[in-house]
Amino acid sequence: MSVQHGSFTIRREYGVPVAIVFKAWADKDAKAKWFAGPAGWKEIVREQDFRVGGRERTKGVFPDGRESDFRCEYRDIVENERIVYVYDMYVDGRKISVSLATVVFGKVGNGTRLVVTEHGAFLDGYDDAGGREQGTGFLLDQLGKSLQAP
């Protein structure tokens with residue numbers, strides 16, 4: 001039994017109003033457009049109850065057969081300002097991490113500045129090696145693309 005800790009902060013700016021970016025996190029259909037695995041990843045489960053105390057789950061399988069399972073609980077939500085959630089991450093049914101994530105929305109010009117900070121506990125020999133930060137960056141890039149879509 002072991003635990004390794006890690007944390008990171010990622011900043012992005014999007015050329016759309018804060019309310020639109022916030023909705024992309026809060027609305028199940030809008031979030032499904034960007035919160036998913038890379039090409040070839042197949043969704044198995046998607047559930048979202050966006051409220052304080054509500055839960056979210058996104059589970060899928062990669063082309064190589066590995067299964068990912070994101071299970072989150074929302075702890076604090078201030079509309080158009082911040083979201084705080086905790087989540088467990090599973091790979092092939094094994095819990096690999098427990099994390100606290102904070103998403104802060106701010107206005108910059110006519111657009112949005114988004115700041116995501118995460119603190120993770122990586123469990124029992126799982127070596128993240130920066131993968132979580134890379135994965136979160138990928139998701140935030142996908143979010144940006146979804147905001148440009150018609």
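Predicted model: local features only at pLDDT ≥ 70, side-chain atom pairs only at ≥ 80, totals over all residues.

Student: Which strand is Thr102 in, and is Thr102 buried, exposed or partly exposed?

Tutor: Thr102 lies in strand β6. Thr102 has a relative accessible area of 23%, so Thr102 counts as partly exposed; the cut-off for buried is under 20%.

Student: What does Thr102 touch, if I skip its neighbours within four places in sequence?

Tutor: Thr102 is then in contact with Ile83, Val84, Val115, Val116 and Thr117. Take Val116: 14 residues separate Thr102 and Val116 in sequence, yet their C-alpha atoms are 5.7 Å apart in space.

Student: OK, zooming out. In what order do the strands sit in the sheet?

Tutor: The order is β1-β7-β6-β5-β4-β3-β2, seven strands in an open sheet with antiparallel pairing.

Student: Which strands stand at the edges?

Tutor: Those are β1 (3–14) and β2 (42–48). Each has a single partner strand, so one side of each has no neighbour in the sheet. From one strand to the next, the twist averages 15°.

Student: How many bridges are there between β4 and β5?

Tutor: Ten bridges, with β4 (residues 67–78) and β5 (residues 82–91) paired in the antiparallel sense. You can follow the pairing residue by residue: Glu73 stands opposite Val86 in β5, and Tyr74 stands opposite Tyr85 in β5.

Student: And what happens in the hairpin of β4 and β5?

Tutor: Three residues lie between the two strands there, and Asn80 takes a positive phi near 65°.

Student: What about β5 and β6, how many bridges join them?

Tutor: Ten bridges join β5 to β6, and the two run antiparallel. Val91 stands opposite Arg94 in β6. The hairpin of β5 and β6 has two residues between the strands, and Asp92 takes a positive phi near 50°.

Student: Then β6 and β7, how many bridges join those?

Tutor: Twelve, again with the strands running antiparallel. In the hairpin of β6 and β7, two residues sit between the strands, and Gly109 has a positive phi near 60°.

Student: Switching to helices. Which strands does α1 lie across?

Tutor: Helix α1 (residues 18–26) lies across β1, β2, β4, β5, β6 (94–108) and β7 (111–123). Its direction is at about 160° to β6.

Student: Which residues of α1 are buried?

Tutor: Val18, Val21, Phe22, Ala24 and Trp25. They cover an arc of only 150° around the axis, which puts them on the same side of α1.

Student: Where does α3 go, then?

Tutor: Helix α3 (residues 131–148) lies across β1, β5, β6 and β7, and runs at about 20° to β1.

Student: I keep coming back to Thr112. Where is Thr112, and is Thr112 buried or exposed?

Tutor: Thr112 has its place in strand β7. The relative accessible area of Thr112 is 0%, so Thr112 is buried.

Student: Which backbone atoms lie 2.7 Å and 3.0 Å from a polar atom of its side chain?

Tutor: The backbone oxygen of Val16 lies 2.7 Å from a polar atom of the Thr112 side chain. For the backbone nitrogen of Val18, the distance to a polar atom of that side chain is 3.0 Å.

Student: What else does Thr112 touch?

Tutor: Leaving out residues up to four places away in sequence, Thr112 touches Arg12, Glu13, Tyr14, Val16, Pro17, Val18, Val21 and Gly106. Two of those names, Val18 and Val21, are also among the buried residues of α1.

Technical notes:
Residues numbered from 1 in each chain as written. Heavy atoms only, no water. Pairing = 2+ DSSP bridges. Helix = DSSP H or I, 4+ residues; strand = E, 2+ residues; numbered from the N terminus. Axes fitted to C-alpha atoms, helices over the stretch in contact; angles between N-to-C directions. Contact = heavy atoms within 4.5 Å. Buried < 20%, exposed > 50% of the residue type's maximum accessible area, 1.4 Å probe, protein only. Arc of directions from axis to C-beta. Polar contact = N/O pair within 3.5 Å; in protein donor to acceptor, adjacent residues only side chain to side chain.
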